[in-house]
Amino acid sequence: MELNRAKSFNYSRLNLRGLGELATLEEWVSVDLWHFQTKDVRGIRKAPDFTQPYDETPPKKWPFKQTVSIHREELAGMFRLAALAYG
């Protein structure tokens, strides 16, 4: 749904950050959201893979609506958390 918004990259990035922080916090209570998947194979694991091409050098063009500048460096926090979770 975020991909249909005017600042789709920004909202997607914020969701990634929130998911990463939640998954990290859940580790403290022995809940593994990093590897959880629904029956239709949805889960946090796919989020860094989806956004990674837009953070490469040179970055792939964001194909969704985005009315303000994209700050790709803001993805770094989620990538760090995912690297710790997935190796």
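Student: How do you know that Glu-21 and Arg-17 are separated by about one helical turn?

Tutor: They sit four residues apart in helix 1, so about one helical turn separates them. A helix here is a DSSP run of H or I with at least four residues, numbered from the N terminus. This is a predicted model, where local features need pLDDT of at least 70, side-chain atom pairs count only at pLDDT 80 or more, and totals for chains, interfaces and linings use all residues. Residues are numbered from 1 along each chain as its sequence is written, and side-chain values use heavy atoms, leaving out hydrogens and water.

Student: What makes the contact between Glu-21 and Arg-17 a salt bridge?

Tutor: The rule asks for a side-chain nitrogen of Lys or Arg within 4 Å of a carboxyl oxygen of Asp or Glu. The closest N and O atoms of Glu-21 and Arg-17 are 3.1 Å apart, so the pair qualifies. Asp-49 and Arg-45 also form one, at 3.3 Å, and Arg-5 meets Glu-2 at 3.1 Å. The count comes to four salt bridges.

Student: Why is Glu-21 called partly exposed?

Tutor: Buried means under 20% relative accessible area and exposed over 50%, with partly exposed in between (1.4 Å probe, protein chains only). Glu-21 has 40%, so it counts as partly exposed.

Student: And which label do Asp-49 and Arg-45 get?

Tutor: Asp-49, at 47%, is partly exposed, and Arg-45 is partly exposed at 35%. Arg-5, with 36%, gets that label too.

Notes:
Helix = DSSP H or I, 4+ residues; strand = E, 2+ residues; numbered from the N terminus.
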